[in-house]
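Dear colleague,

I am passing the structure on to you with this message. Please have it open while you read the notes that come after it.

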Amino acid sequence: MAEVFKNLINGEWVKSKSGKTFENRNPADTSDLVGTFQLSTVDDVDAAVTAAKEAYPAWRDTPAPERAEIMYRVANIMRARKDEIAQLMTREMGKVLAETRGDMQEGIDTADFAAGEGRRMHGQTVPSELRNKTAYVIHRPMGVWGLITPWNFPMAIPTWKTFPAITTGNTIVIKPATDTPACTARLMEILDEAGVPKGVINYVTGSGRVVGEHLINHPDVKGISFTGSSDVGKRIAEATGKTLKRCSLELGGKNGQIVMDDANLEIALEGALWGAFGTTGQRCTATSRIIVQEGVHDEFVAELVKRAKALKVGNGLNEDVQVGPLVSEAQRQTVASYVKIGQEQDKAELVCGGHALIAGDLIKGWFFEPTIFDKVTPDMRIAQEEIFGPVLSILTIKNLDEAIEVLNGTIYGLSSSIYTQDVNNTMRAIERIEAGITYVNGPTIGAECHMPFGGVKETGNGHREGGWTAYEIFTEMKTVYIDYSGKLQRAQIDNK
Ligand code: UN1
């Protein structure tokens with residue numbers, strides 16, 4: 001019997017008032033039922049928000065270092081359960097074990113960082129312009145936050161949001177993606193075991209239309225943090241804009257890797273393979289465009305195709321598999337439709353892959369060949385739209401100026417990369433590439449949890465989750481002035 005997962009509301013695991021559940025199946029083998037989950041209603045969301053609201057004052061008043069102590073325990077429990085949850089994650093989402101262990105490690109790192117940050121949470125102290133007066137800034141929690149998470153990083157992204165949100169003294173209601181609710185349930189168990197008081201964390205599964213939308217519009221929810229598509233992000237920005245509710249959005253990408261003629265081709269090739277086909281291309285940071293200088297184009301593409309064809313696609317639970325399935329049938333259909341667009345509408349040249357994999361055991365899951373299009377031009381749809389799958393476009397450029405223009409020529413701006421040995425090219429690219437993240441001689445994927453993460457243009461709304469900047473997202477800044485002169489001092493008047 002597959003596990004039946006319940007909602008976590010006010011410290012209790014409870015069924016939805018709907019009495020309905022939904023299934024979650026392994027995308028590598030759909031006969032493997034990972035679990036059944038509550039198909040929650042707005043009443044369930046209301047109960048979770050009420051619990052979070054009631055738990056807030058006591059949690060807010062708990063000293064931040066005390067809150068952060070729990071994070072040390074969380075990190076240690078996660079370390080102990082790293083392999084077990086990585087296995088579950090591979091079954092739930094499909095990516096290979098090496099990557100699901102990496103996803104767990106990103107969560108552990110985020111817990112370690114939160115544990116330390118709870119003892120810092122520093123504001124700023126500055127001199128006042130008046131005598132016997134001081135001025136400083138502190139960060140205060142806000143109340144209940146709604147966290148809406150995607151399926152591609154089933155542990156890391158929920159931790160990116162949950163840990164800073166609660167370490168700073170907020171309480172949360174989290175709604176995981178319907179494709180990956182099991183890992184978030186494990187995260188809730190861990191937080192509970194580590195000693196997070198009841199009501200501080202609440203977990204409600206169900207559809208975005210019902211659960212997500214109700215959270216976004218709920219008057220007692222003070223902020224929304226969402227990672228997902230730009231289209232949904234815009235809808236959330238619109239809804240939260242009406243009440244000026246804070247929202248932090250991490251959205252789509254169409255990340256480019258520039259390869260200059262003087263690049264070390266070996267590392268540029270390995271970077272392209274990892275960036276494009278790691279996680280089966282299902283990262284917002286995935287490399288979906290190679291922008292290669294004409295002098296090395298032929299050699300680079302020939303070798304890339306050879307290596308892409310050699311990648312072992314299969315069930316990620318097998319240690320020798322390098323590329324797992326797509327997360328769902330719908331995702332595979334999207335990928336197939338973009339391959340069709342690339343061939344028929346864009347008329348790019350398909351040089352590798354392009355088909356669903358259905359031979360042998362692969363018929364059980366949503367597998368797709370690593371796919372490469374050459375002779376792609378910037379105006380083509382496959383060069384502009386986020387595909388979220390193992391489809392890579394090669395664009396050829398003459399020089400660095402053209403490379404940067406092509407790289408910047410999409411609506412997105414999350415991650416980017418340049419392979420070159422030339423320091424002048426490197427510095428110019430760092431300054432002129434429009435993206436939240438630029439890697440030099442590294443792939444577009446692999447951000448570290450203690451650094452700001454996010455993008456420009458339609459990739460987000462200016463926030464950076466990850467690192468110390470996440471602690472600013474989840475708090476209000478309070479500017480404090482203390483006058484100890486014993487008299488009225490008028491700023492801008494008495495001292496001039
Ligand atoms: C995402 O794809 O939404 O930088 C996050 C990376 C990972 C996180 C990706 N650390 O690729």
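This is a predicted model: local features need pLDDT of at least 70, side-chain atom pairs count only at pLDDT 80 or more; totals for chains, interfaces and linings use all residues.

Residues are numbered from 1 along each chain as its sequence is written, and side-chain values use heavy atoms, with hydrogens and water left out.

The structure holds seven aromatic pairs, where rings of Phe, Tyr and Trp (its six-membered ring) pair if their centres lie within 6.5 Å, and planes under 30 degrees apart count as stacked, over 60 as edge-to-face and the rest as tilted. One of them joins Phe 5 and Phe 37, whose ring centres are 4.4 Å apart with planes at 15 degrees, so this pair is stacked. Because Phe 5 lies in the loop between β1 (3–4) and β2 (7–9) and Phe 37 in strand β5 (residues 29–38), the pair ties together parts that are 32 residues apart in sequence; helices (H or I, at least four residues) and strands (E, at least two) are DSSP runs, numbered from the N terminus. Both Phe 5 and Phe 37 are buried, where buried means under 20% relative accessible area, exposed over 50% and partly exposed in between (1.4 Å probe, protein chains only). Together with Phe 22, Phe 5 and Phe 37 form one aromatic cluster.

Another pair is that of Phe 113 and Tyr 471, with ring centres 6.1 Å apart and planes at 65 degrees, so it is edge-to-face. This pair links distant parts of the chain, since Phe 113 is in helix α4 (residues 97–117) and Tyr 471 in helix α15 (residues 469–473), 358 residues apart. Phe 113 counts as partly exposed at 21% relative accessibility, whereas Tyr 471, with a relative accessible area of 7%, is buried.

The charged end of Lys 95 sits over the ring of Phe 153, 3.7 Å from its centre (the criterion is NZ of Lys or CZ of Arg within 6 Å of the ring centre and within 35 degrees of the ring normal).

Helix α7 (residues 208–217) packs with helix α8 (residues 230–242) at an angle of about 35 degrees, their axes being 9 Å apart; axes are lines fitted to C-alpha atoms, for helices over the stretch in contact, and angles run from 0 to 180 degrees between N-to-C directions. The contact (heavy atoms within 4.5 Å) is made by Arg 209, Ile 216 and Asn 217 of α7 and by Arg 235, Ile 236, Ala 239 and Thr 240 of α8.
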